[in-house]
Amino acid sequence: MSELTTNPNSLPAGPDIRPKLSRDDILMRGSMIVIALYLVATLVLPLYTMLSKSFSTYRMELSQYEFQVSDEAGQFDGVILPADELNAQTNAFSDTDLATGSDGRLSVTELFPDFSFRSPVMYQIRNTSDTGRFLVGSTLQDGTDWVTLDSNAFRRVQLRPVQSRGLDNFVNYFSTPALFNSIKNSLWISVLSTIVTVTLAFWFAYALNRSCMRFKGVFRLIAMAPILVPSLLPGIALVYLFGNQGMLKEMLFGASIYGPIGIVIGSVFFTFPHAFLIISTALAISDARLYEAAVSLRSTPWRTFWTVTIPGARYGLISAAFVVFNLVITDFGLPKVIGGQFNVLAVDIYKQVIGQQNFEMGAVVSVVLVIPAILAFVIDRMVQSKQVALLSARSVPYQPTPNRKADRIFLAYCCLIGLFIIGLLAVCQFAALIKFWPYDLSLSLKNYDFNKMDGGGWSSYINSIKLALLTALIGTSVVFFGAYLVEKSNGFRTGRSIFQMFAMLPMAIPGMVLGLSYIFFFNSPSNPLNGIYGTMAILVICTVTHFYTVSHLTAVTALKQMDREFESVSASLKQPTMKLFARVTVPVCLPAVLDISIYLFVNAMTTVSAVVFLYSPKTTLASIAVLNMDDAGDIAPAAAMGMMIFYTNAAARIIHLIASKGVLGRTQAWRNR
Amino acid sequence: MKHKTKLLAALALSSLTANVAAAETELTVYTAVEAEDLARYAETFNASNPDIKINWVRDSTGIITAKLLAERDNPQADVVWGLAATSLLLLKSEGMLEPYAPAGVGDLDAKFVDGDNPPAWVGMDAWVAAVCYNTVEAEKAGLTPPTSWKDLTDPMYKDQVIMPNPNSSGTGFLDVSSWLQMFGEEGGWEYMDGLHENIARYTHSGSKPCKLAAAGEIPIGISFAFRGAKSKADGAPLEIIVPSEGVGWDMEATAIVAGTANVEAAQKLVDFTVTKEANEMYNTGYAVVAYPGVAKPVEHFPDGLLDAMIDNDFEFAANNRAAILKEWQSRYDGKSEAK
C-alpha cells in the first residue's frame, strides 16, 4: 500500500478566503476614506504645492528680446541684435544678475557700451515671443512688434523676468547672510528657552507631585493660564516691564529687552504649561518601592534624586524638551513683538510673505523651518512610545511625606513662578487701562475703542468667537469620528495605518508653513476649492487641521479604553455600527469629546501663526488684531485685546467645567456603580 | 428630509432676492490710509452715495502694494484709494489699473494727476517725511535736537533712533528713495551706513516710530509729519523736526483696478475722491492736497515743511524699487545682531 502523504506544497492553492464585507464595513471604510481625503486635501496637497513653489524662480530671459540700432541720422540698417548675443559680447550681466524676483527689472542700456541718452541714435526693441515683457517708463509692452524709441526714451526701457524652475531660490537664501543667520538664531534661542523652561517646569511639577505644600490646586490653575493667551501677549507685557519706559527697566542693567532676552523670557511664559503638564504626568506615576529600597540602602536624598526620580521621569523630561523646542522654534508672534532686530525663521517667513510678498522665498524659509520641527517631532514620538509600563500591577504608588522645611521652600518657589505668570497678565491688563503711558497715568477705557485702530475693531473679536465655536464643533465631530473609524473598524490594516500617519502629520508642521501652503494651494484660480479662499471656512479648516493631532490622540486614548466587544455584540444583535456609535460610544467617551472641544476652542482663539496669511477684511480675528495693533504702534490697545482673549478663554474653561460636571453626572454614572 | 431641502432652497432664494431688493453694491477698497481715518472717509462718501458699501482692506503701503502685485492674476480689489503714487506706478506698469478720467479731474493741480490720458491714477494729497523728537526723553538722555539728516549720524544718537523698514513701509521707502535722490546713489548708501549705526531697530509700519517716540520708548522716530501732528495733539511731548536738506514725500492716490466687476460703483467712488469736499476731508490731516486753494494749515504741523519737499522723481522710485530694497536688505536687515 502506498503511503498517502500530503505535501502542502503540492496541493492546489485553495480559494482566497476573504471575509465578506458587511454594509457597515463598507460604510466605515468609506467614511474613513472621506476623512483621509480631507486630510490629503487640507494638508498633503498644500504642502506639496508649497514645496514645488520653493523651486519656482524668476529669470531674465535675454533670448526673448531683439534690438535694432540706427545711425546718427536715425536710419535703421536692418541688422537685428538679439539681447543674449549682445550680453555674450559685452558681459554686461552675469548669471546672478539675471536671477531675480517676481518684480525684478533690468535696464537695457548697459548692453550698449557706447550708449548716451543725448545722442541722436534711435533704437528699436521687440519681444521675440508672446511671453516676453518689457517696460518703457511705466508702460507695459508685451507685443512682438518693433517699438521705436529715441535715446532718451530708450534709457527708460526695463526688461521683466519670466518664470522658470530651479534651485536659484535656495542658492539665493544661503548666500544672503541676513536670512541665513536666522537658522543659527532660531536654534540657539530655542535650545536656551527649552533648557530654562524644562528646568523651571520640572521643579514646579516636582513641588506639586512630590511635596506636601499647600495650595496645590491654585498653583495648578495658575500654571495653566498661559495657554489661554496668544504668545504675543507676554511680549507686550515685557515691553511695559522692561522697555525703555518700563516699570522694572533697571533690572536689566542696561541690556535691551528687544531681542533674545525678551524672546527667551516670553517663550518660558507661553511654553511653561505644556512642559509642566508632560513632566507632571511623568512624576505622578512612580513606584514607592524604589524609594523604600533607596532608603534601606542608605542612599542620600541627592543620590536618590539622580538614580530614582530623574530616570523615572526621563521620558517625560525628554518629551517636554522636544515639545517646548518645537513650540519656540515655530512661534512667530513673540519674536515679532519683542524680537527687535533679532531675526528668527518664523518671522522671516512673515517678512518675506507679508512684507515683500516674495512667496517663493517664504516657501524656501518654510522648507528650512520644517526640518528641525519634524526632527523634534519624530524624536518626541519615539520617546513617547517607550514610555510604558513604568507602573506595573505590583507597584505601590508613591506618597509624599510632609517635610516642613522642604515644603516651605517649594511653596516659596511656586509663589515665584505664580507671581511671574500672574504678573505678566496683570501688567497687560493694567497697561490696557492707562490713558497714555507713561505721560498720562489716569485710567480710561480709550484703549478699548478698537474700531478706531488697525486690526478690524470689535468685529474681529466677534469673528474670533465664531471661529472658535465652529472649530470646536466641526473639529470635534471630524476628529472623533475619524478616530472611531480608525480604532474600531475591522481589517483594512494598510488603510488604517496610512490614516494614522496622516493624523500625526499636522503636529510636525509649523502653523506659518501650513498657512502659507494654504495660500499656494487654495488661492490658485485652477483649484476647484478656490471659492473658500478669504472666507471663514478656510480659517476653520486650517485651524482644525493645525490642531488635529492632539485632538486625535485624545480621542484614540479614550476609545482604546472601550472594549471591542461592544462592536461584536452590536453586530450579533444586528444593530448598525452607526447606532452603536451614537448610542454607546459617544456618551461613554463624552469627557474626551468635551476635552477635545475646549482644546480646539482655546487654540482657535489664540492662534496667530496659521491664520495670519489667510484672514480677509471680513474675517479679521482678535489674535491677529493684537499683532496688527502692535505693528502700528498701538501697544496698549493690543494688550487690551489680548486680555479680552484671556477672559473669553477663561470663561469658556469655566463653562466647560460646569458642563462636564453636569453631563458627567448624567452619562458617567455607570463608572461608580 | 425633502421638507428640509425645500426649506433651505426657499431660504436661499429669499436671501438672494433680498440682496437684489437692497441693490447695494459692495466695493473692496485697498488702502494705506491711517486706520482711524477710514470710518470718516467712508461716512463722507456714503453721505452722497448711500448705495455703495466700502469694505476696507488696510495695511502698510508696502504690504498693500505687494498684495496687489501678488494678486495680479486674480485681483481681489475693486478700487485702490489712498496708496503711494510710487506703488500705483508699479501697478500701472503691470497693466493692472483701469484708466479713467473722473468728472472734475481738470480742477486738480496737474502735478497730482497721472500724465496719460485718460489718467491711470489721480492724486489726493502729499505725505511728507519728518522726524518726531521726544523732548522729555531726549533731555533725560542729554541729546540736542538734530536739524538735518546728516546730524542723525552723529554718534551721540547711538541707539536713539527708530525708522521704518522700507521693505514693508511706504514711509520707510520714501525716506530711502529721497536720500538716494538728494545725496546721490553712493552718497545715499554711505549716509544710510552711518545712520544704521544709530538705529535701535527698524519697524514694520511707518507710523510706529513716531508712536514709539510719542510714548517715550525712543527719543527720535523717523516717520511722517501728519502722524507727528496727531500724536502731538494727543498730548505727547513731541517736536516735529524738518531736516534742512529737504524731505522725501509721496502722493496718496486713487485708481480703479482693471477687471473689476463693479466698474460703475468704482467710477462713482473715484469721482468722489477728486471733489472739493473730499479734498477738504483729506486736509484734516494733510497740509498739501490735490485741489488747489482748499488746503488750510493743519494744527501742530511744522513750519517750512512744504518748502522742504524735494523734487521727487516718481519713475526713478518705482523702477528702482526692487533693486533699492534688495540692496537695503542685504546691507541692514538683521545684520545688527550678527556683528
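Predicted model: local features only at pLDDT ≥ 70, side-chain atom pairs only at ≥ 80, totals over all residues.
How far apart do the end C-alpha atoms of residues 461-656 of chain A lie, and how much of the span is helix and how much strand? The end C-alpha atoms of this span lie 20 Å apart, and the span is 76% helix and 0% strand. The UniProt record, an unreviewed entry, places the feature "domain: ABC transmembrane type-1" at residues 183-380 and 461-656 of chain A.

**Confidence**

For the complex, the predictor gives an ipTM of 0.78 and a pTM of 0.85. Chain A averages a pLDDT of 88, with 96% of its residues scoring at least 70, while chain B has a mean pLDDT of 86, with 91% of its residues reaching 70 or more.

**Chain B as a whole**

Chain B holds 14 helices and 11 strands, and its C-alpha trace spans about 75 × 50 × 40 Å along its principal axes. The radius of gyration of chain B is 22 Å, which agrees with a compact globule, because a globule of 339 residues would have a value near 20 Å. Of these 339 residues, 53% count as buried, and among the contacts in chain B with a separation of 6 or more, 75% are accounted for by residues 24 or more positions apart.

Strand S5 (residues 122-134) of chain B is mostly covered, with 13 of its 13 residues buried. Strands of a sheet pair through backbone hydrogen bonds, either parallel or antiparallel.

| Partner of S5(B) | Residues | Pairing with S5(B) |
|---|---|---|
| S10(B) | residues 249-257 | antiparallel, six bridges |
| S8(B) | residues 220-224 | antiparallel, five bridges |
| S9(B) | residues 238-241 | antiparallel, four bridges |
| S11(B) | residues 288-289 | antiparallel, two bridges |

Individual residue pairs can be followed along the strand. B:Val122 has B:Thr254 in S10(B) as its bridge partner, and B:Asp125 stands opposite B:Val289 in S11(B). Further along, B:Val131 stands opposite B:Ile241 in S9(B), and the bridge partner of B:Cys132 is B:Gly221 in S8(B).

**A sheet in chain A**

Chain A contains an open sheet of four strands in the order S5-S10-S7-S8, with antiparallel pairing. Its edge strands are S5 (106-107) and S8 (139-141) of chain A, each of which pairs on one side only. Strand S7 (residues 134-136) of chain A is joined to S8(A) by three bridges, the two running antiparallel, and within this pairing A:Val136 has A:Thr139 as its bridge partner in S8(A).

**Where the chains meet**

In the model, 50 residues of chain B are in contact with 44 residues of chain A. Helix H3 (residues 61-70) of chain B gives the most to the side of chain B that touches chain A, contributing six residues. The residues on that side of chain B divide into 18 nonpolar, 17 polar and 15 charged.

**Backbone details**

Most residues other than glycine have a negative phi, and most peptide bonds are trans. A cis peptide bond joins A:Trp437 and A:Pro438, with omega about -5°, and A:Pro438 lies in the loop between strands S12 (434-436) and S13 (440-443) of chain A. The peptide bond from B:Asn117 to B:Pro118 is likewise cis, with omega near -5°, and B:Pro118 lies in the loop between strand S4 (97-98) and S5 of chain B.

A:Lys574 has a positive phi, near 55°, and is placed in the loop between helix H21 (565-572) and helix H22 (577-588) of chain A. A:Lys574 counts as exposed because it has 6 C-beta neighbours inside 10 Å. B:Asp159, also not a glycine, has a positive phi of about 60° and lies in the loop between helix H5 (135-141) and strand S6 (161-164) of chain B. With 16 other C-beta atoms within 10 Å, B:Asp159 is partly exposed.

Notes. Residues numbered from 1 in each chain as written. Chains lettered and ligands numbered in written order. Pairing = 2+ DSSP bridges. Rg over C-alpha atoms; globule rule 2.2 N^0.38 Å. Buried ≥ 20, exposed ≤ 12 C-beta atoms within 10 Å, placed from the backbone. Contact = placed C-beta atoms within 7 Å. pLDDT = per-residue confidence, 0-100. UniProt positions renumbered as here; feature names shortened; annotations may be inferred. Nonpolar A, V, L, I, M, F, W, Y, C, P; charged D, E, K, R; others polar.
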